[in-house]
Amino acid sequence: MELLLSVTPLIILLFCLLALKMSTGKSGALAVVSAIVIAYLFFGIDANGLTIAMSKGMSLALYVLLIIWAAVFLYQLVYDFKAIDVINKNIILFIKEPFIQFLLLSWLFSSVLQGIAGFGVPVVIVVPILIHLGFDRLSSVAAVLLGHSWSVSFGSMGSSFFTIFLVTNLDQQSIGYAMAIFDFAAMIMMGFSVCYIYGGWEYVKKGFKYIIPTSLVMIVVMFTVIYLNLVSLVGLLTAISGLITMYTLYILREKPEKPKELYKDKLNLGQALAPYISIITLSLLFQIFKLGKYALSFKYPGFVTDLGFQVQAESAYAKIKIFGHPAPIILMSVVIGILIYKKANIWNNEKFKNVVHKTITKCTKTSISLVFLITMALVMMDSGMTNALALNVANLTGGLYPLFAPLFGILGSFITGSNTNSNVIFGKFQMSVATALGVNAFVMAGLQSISGSIGVSLGPTTILMASSASGLNGQESKIYRKVLKPVLLTAAILGIINYILLVVIKINIGGAL
Amino acid sequence: MIKNIIFLSFIPIFILLYYGSTFENPTVGLIGILMFIIAAVVQFITKN
């Protein structure tokens, strides 16, 4: 009964989205109300607890919405001032074959961006580029969502990686090795998923000669960077090595004609790329100089539900760092873009008003959906519903649990939209189950983080960012349908690997606890 | 139009919820919760 009740809001959400094909806004509205009612009636959370959980949800939504509004604003600016045309025409000059453009951009370039910025930035940058290169909107969105998902856990300068280490208190390097084993499978699967989205099985075969050698190089680089303990750079260096390897393979195999000169219109390539280069540079600079002390955050008291579920007090919740949160970085890049457009004499006040208007129209709907979904996630977490769900599934599956363990990483990312949050919710839980089963906790922790990583492609926040960036607002159910199967297939493969490592081989990473 | 109202209603709802939670004032929090549920219901019954 407890299991059924705890999973009801998620079933309602998925049923409305996938079966009834409702918009995310409507599905989210129904799901959040059901979560509030169930939490109050059956999980013993009182009005005070609900107030805290819902307020936390809204402050977390604010954190994400700032990114979405800033990113859509930047995209609209770059689009309306035709900088994106210059970027696309230059990509075509360097990579002539559409399949390679599609695979390289969605699988590797987006992962490089994930390595630096994360938080949906790869989606809002790469999806519009693919669409303007002439690829189908839905395919572009699905390819980027899946393509970069393998890199989320080591991405964002290592934020999810740090979280799994912090919540489990296990040796960081050893978790890193365990994560890398699973990430090898995830990167291969996601590469093939992108190929399949592009053109079915025929292109999966064609992609083989690029995906396998590139993944082999990436996994060697990944293990090396973990060995060198450069934890913040694992995602970035791995993805860069992949990008270089695949482009080199393309040059060697296809021998494309070298472009005589770069394409330019009223803007040259450097000017067109300047806002994006600024995002990368500023993200790196703020990481290096650690300017995170200037921040806005929210304070919440702790509480205990009537069923005894304890929620800790939060002293700095949903911290928005002025020099670290993606929104200010993107807005600084917008200012740089505006200055460049003015210098190139293409600035036009009317166009700018249009940019603002389009941004507001696009983002309002997305914002409503997001507030409902994130609030639902927080009500479920703080009422103990998520915890009850996890415990019941673990009890039900028993010794076969390692096979089902990836579902929790994915579930955590699905309900919160974040690999980091998934690790916060389920990291310790997965470790406790591993200890209870007498299997290696490092492997289970590594699996949690990587399954959370691929689950991000199902996260409502990422999906809403993608729908805003692609103009597919209100068609999120189509995106879910396209992305769901590859994620579940990858989860099944990760589960099998986990079972083999833990139960069949009984691998020992990091030594006995 | 209705979408804009729902969106803008989140500002007072958040203020009420945050005030209710930080100062542990259940009445203010309850008003916030009810307003949030009304916003969700309106969203659900409104056409896309």
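**Entry 1: charges and polar pairs between the chains**

I looked for salt bridges between chain B and chain A and came away with a count of zero. I keep in mind throughout that this is a predicted model. I then turned to polar contacts across the interface of chain B and chain A, where the rule returns four residue pairs, both partners in each being at pLDDT 80 or more.

**Entry 2: what chain B brings to the contact**

I asked next which helices of chain B supply the side that touches chain A. Helix 1 (2-22) and helix 2 (26-45) of chain B each provide at least two residues of it, and the largest share, 12 residues, belongs to helix 1 of chain B. Sorting that side of chain B by class, I noted 15 nonpolar, eight polar and three charged residues.

**Entry 3: extent of the interface**

For the contact as a whole, I recorded 26 residues from chain B and 30 residues from chain A. The area buried between the two chains comes to about 2500 Å², and carbon and sulfur atoms give 80% of that area.

**Entry 4: Ser140(A)**

I moved to chain A and located Ser140(A) in helix 7, which covers residues 137-147. Is Ser140(A) buried or exposed? I classed Ser140(A) as buried because its relative accessible area is 0%, where the cut-off for buried is under 20%. Setting aside neighbours within four places in sequence, I listed the residues in contact with Ser140(A) as Phe102(A), Val127(A), Leu130(A), Ile131(A) and Phe135(A). The side chain of Ser140(A) also reaches the backbone oxygen of Asp136(A), at 2.7 Å.

**Entry 5: Asp171(A)**

My last stop was Asp171(A), which I found in the loop of chain A that runs between helix 8 (159-168) and helix 9 (172-199). I put Asp171(A) down as partly exposed because its relative accessible area is 41%, a value to be read against limits of 20% and 50% for that class.

Terms used: Residues numbered from 1 in each chain as written. Chains lettered and ligands numbered in written order. Predicted model: local features only at pLDDT ≥ 70, side-chain atom pairs only at ≥ 80, totals over all residues. Heavy atoms only, no water. Contact = heavy atoms within 4.5 Å. Buried area = accessible area lost by both parts, 1.4 Å probe. Salt bridge = Lys/Arg side-chain N within 4 Å of Asp/Glu carboxyl O. Polar contact = N/O pair within 3.5 Å; in protein donor to acceptor, adjacent residues only side chain to side chain. Helix = DSSP H or I, 4+ residues; strand = E, 2+ residues; numbered from the N terminus. Nonpolar A, V, L, I, M, F, W, Y, C, P; charged D, E, K, R; others polar. Buried < 20%, exposed > 50% of the residue type's maximum accessible area, 1.4 Å probe, protein only.
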